[in-house]
Amino acid sequence: MRLQNFAIFGNVQERDDSAQVNGIGGAMSDSTVSNLWIDHMKVGAWMDGPMDGLTFTGMRIRDTTADGINFHGGVTNSKVTNSDIRNTGDDGIATWADSGIGADANDTISNNTVSLQILANAIAIYGGHDNTVSGNRVVDTGLAQGGGIHVGQRFTSTPVGLTTISDNTMIRAGSLDPNWQFGVGALWFDGSQGAITGPINVTNALIQQSPYEAVQWVEGTISGVNLNNVTIAGTGTFALQEQTGGAAKFTNVTATGVGYSSPVYNCSGGNFVVTDGGGNSGISGTPYCGGWPAPVFPPYPSEGVTATPGALNFGSVATGSTSAAQTVTVSNPTNTAASVSSISTSGDYSQTNTCGSSIAANGSCTVSVKFAPTATGSRNGTLTVNAGGITNTVSLSGTGTAPGPVLNTDPASLSFAGTVVGSSATAQTVTVTNSGTASATVSAVAATGDFSQTNNCATLAVGASCTVNVGFKPTTGGSRAGNLTITSNANNSPTTVALTGTGIDSTTNIAAGRPATASSSSSPYVASNLTDTDASTYWEGTNGSFPQWAQVDLGQNYSVGKVVLKLPPATAWSARTETLSVQGSTDGSSFSTIKASAGYTFDPNANNNTVTITFNAATARYVRVNITANTGWNAAQLSDFQVFPSSGGSSPATLSTSPTSLSYPTQALNTSSSAQTVTVTNTGTAAATVSGITVTGDFSGTNNCGTSIAAGASCTVSVTFRPTASGTRTGDLSIASNASNGTATVALTGTGAGTVSRNLAAGAATTESSHTDVYASSNVTDGNQGSYWESANNAFPQWVQVDLGSAQSASSVVLQLPAAWGARNQTLSLSGSTDGSAFTTIKSSATYTFDPATNNTVTITFSATTQRYVRVNITANNGWPAGQISEFQVWNS
């Protein structure tokens, strides 16, 4: 078949994934589609395989609500070439090797211009093997979410095999992902649904002006990526962002104009192995691991001659003398030589240069500038470079002093990292140099605030230097400031250096921005969300696989005494109890229990979904929360993980409690007992500073203790019991303070009576007989009524099932469709199994009506039955020729 030389203009105003509103589709083996203009459709061309030997060439595709061109499963030996695709709602060009259909293989995407993709990528390879992406120009892509060129083991694709990415240019590709809250790379790899071994060979790539990172590895394990002759020119954050385990080889990779001080992000340590193939530059040094920095968006590439830096400051120089030279680089980024008309300075400045009469194409030269003040005071001037028809100016500044000694410092200011109150930071050095014309005598050196100094400064000959070692020992928490002052006979005396630092005390969250890891995660709910600044982002472990843990690396050993855990504050996050313990380690390998396992209730109304856990001081660099149960979801969940240093323990204050334990009689579930009182007394000789009072498990408390208990004084804590489950329930009351005996604790016990109704299928694993497009069975247990499972069309009977993780007693099932859908009837039955193989009927086949008037919800009750696997078998649907379910809930007996 051959289609050519016509246009398809639609009027699709919104994206409806149940509607096949595509420009081109069908089975088109050994066919060519050329010189078509497709505009305002849902998809330009959606090609459901298997098929072989299909070519798209000379296409112009504009303004689609979804993909430009998608090869969906089993499309082989096919091409998209010499086409222009712009403003698509999803991927511009994609090969999606859907495992339900087959691998896309031996396909080529070449010599296309792909731009302005809104939701996803310019070019995406989802699974498949022996596919090639070459000679494409990718511009301004992933505007709302996504990147430039992407290779991923995603969307139930077949394994990623050999993939060749060569001779491509990516300009301003990638954006901030709204879920991850970190940037997506211009070139990125994702192994979220299986390890990638490739190989993926990337050669002769130019990556310019990336808003965030240039190249990214995210999720899972990704090996076999080889970067060869890759030029990175300008990034907002990093050149390379390595967020997975795996391996890569870099050869002739160069990076310039990187936005962050370190060109590489890597919190994976030795789990991501890099082989240096030689010829690399701009990607070395210690990788950064911490909170996500704000991007410094790279400027548009220069289109003419430039001069950098834009300003020079020469400090203080004695009149009658000349400073050392400082350098300005003049660059010609164009493809033709730039003639030099003139280079000049004004004021007390002079220059020499290597530019000659012209600057070669893509070449540069240098201008050396010196300062020779003719008078005292501020002396300003300008370097002016006229070349290539463009005038560049560089501001020049300096201070003239009278002839005699002049002292300058390097650096002009010092900043100290966070340091525990009472501890000493590593000293930093200031070099003091006499740049004057006569000998200088230093009469005094002093540091103010929480700073100290030692020095070897006395008499400094002209051009000589001495050193001052500056220390920092904070006396309280928060920002600390001071000055280093050098007094001398210099004409610019006193010479000062600004000093700043941060004190860490028991109110400082030392986990903020630190690297976080977890036993597992469900993308995009990754561990890095735990220590970011956004309370609405969160970490979630893999469903149905308790126990699960999350931990933070504090960077060094601290004496820790408190952990604060949070869930998103929105009331949409209903109250839930997570059972967890706190563990610590000094080496990241051997962990000990800091706080024994207990249930902690996160309640958006009672405590703003915030739990505070105090404990006796423990030394740890790595602090871990180990979670074994969650009543609100079948996985561990946390949005914030805060760690605070201990308050101390050396004061003469001593706290005691009376009684030392509380026991409550049997209490009906979800009802509150009468309060019992604990009296806290300071038996020491000094006031006790209280840093936190916490109650764990099914217990809660109020107190009148405030933040301090005077010597000999007492306060009271009232504790109530509200059981959330039947049987024995335990917890504790903890009073953290600077008392010499550490955290005071009171053991709490009680008995709950009754049962609690619970959706056993929440977050459970699922399977299916089939599914269409992206409507997989996992949608039926995700808690979102708007997402749904849809089987293959016209292929009844169909089924979807949930795995409850273990055999459990259930007596009802609730089924839903999206609330806005029109009414329809589905004929279905329920069956169950304890082993996943032999199923018995729970509820015989009947027709059930899903009606938006009743929220498209159907409730099916039956005699209590114990099953691990529960299946819905659907034989008819008068609203669509397929089985459809958005939520599948199984409720306990």
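Which side chains meet in a salt bridge with an N to O distance of 2.7 Å, one of them being that of Arg868? In this predicted model, the side chain of Arg868 meets that of Asp803 in such a bridge (2.7 Å, N to O). Arg868 belongs to strand 70 (residues 857-877) and Asp803 to strand 67 (residues 798-816), so the pair ties together parts of the chain that are 65 residues apart in sequence. Arg868 counts as partly exposed at 26% relative accessibility, whereas Asp803, at 18%, counts as buried.

The structure holds 12 salt bridges. One of them joins the side chains of Asp140 and Arg172 (2.7 Å, N to O); because Asp140 lies in the loop between strand 19 (137-139) and strand 20, and Arg172 in the loop between strand 22 (169-171) and strand 23 (187-190), this pair ties together parts that are 32 residues apart in sequence. Asp140 is partly exposed, its relative accessible area being 22%. Arg729 and Asp698 likewise meet through their side chains in a salt bridge (2.7 Å, N to O), and this pair links distant parts of the chain, with Arg729 in strand 63 (residues 727-737) and Asp698 in the loop between strand 59 (688-695) and strand 60 (699-703), 31 residues apart. Here Arg729 is partly exposed, with a relative accessible area of 23%, while Asp698 is buried at 5%.

Aromatic side chains were examined next. The structure holds 30 aromatic pairs, including an edge-to-face pair of Tyr126 and Phe155, with 5.1 Å centre to centre and 85° between the planes. Tyr126 is buried, at 5% relative accessibility, whereas Phe155 is partly exposed, with a relative accessible area of 37%. A cluster linked by ring pairs comprises Trp180, Phe182, Trp188, Phe238, Tyr260, Tyr265, Tyr288 and Trp292. Charged groups also accompany rings: the charged end of Arg60 sits over the ring of Trp37, 4.3 Å from its centre, and that of Arg624 over the ring of Trp549, 3.8 Å from its centre.

The largest nonpolar core has 58 residues, and those with the most contacts inside this core are Phe56, Trp217 and Leu227. Its largest share, 7 residues, comes from strand 25 (residues 215-235). Apart from this core lies another, of 35 residues, among them Leu530, Val582, Val611 and Ile613.

Key:
Residues numbered from 1 in each chain as written. Predicted model: local features only at pLDDT ≥ 70, side-chain atom pairs only at ≥ 80, totals over all residues. Heavy atoms only, no water. Phe/Tyr/Trp six-rings, centres within 6.5 Å; stacked < 30°, edge-to-face > 60°. Buried < 20%, exposed > 50% of the residue type's maximum accessible area, 1.4 Å probe, protein only. Lys NZ or Arg CZ within 6 Å of the ring centre and 35° of its normal. Core = buried A, V, L, I, M, F, W, Y, C linked by side-chain atoms within 4.5 Å. Helix = DSSP H or I, 4+ residues; strand = E, 2+ residues; numbered from the N terminus. Salt bridge = Lys/Arg side-chain N within 4 Å of Asp/Glu carboxyl O.
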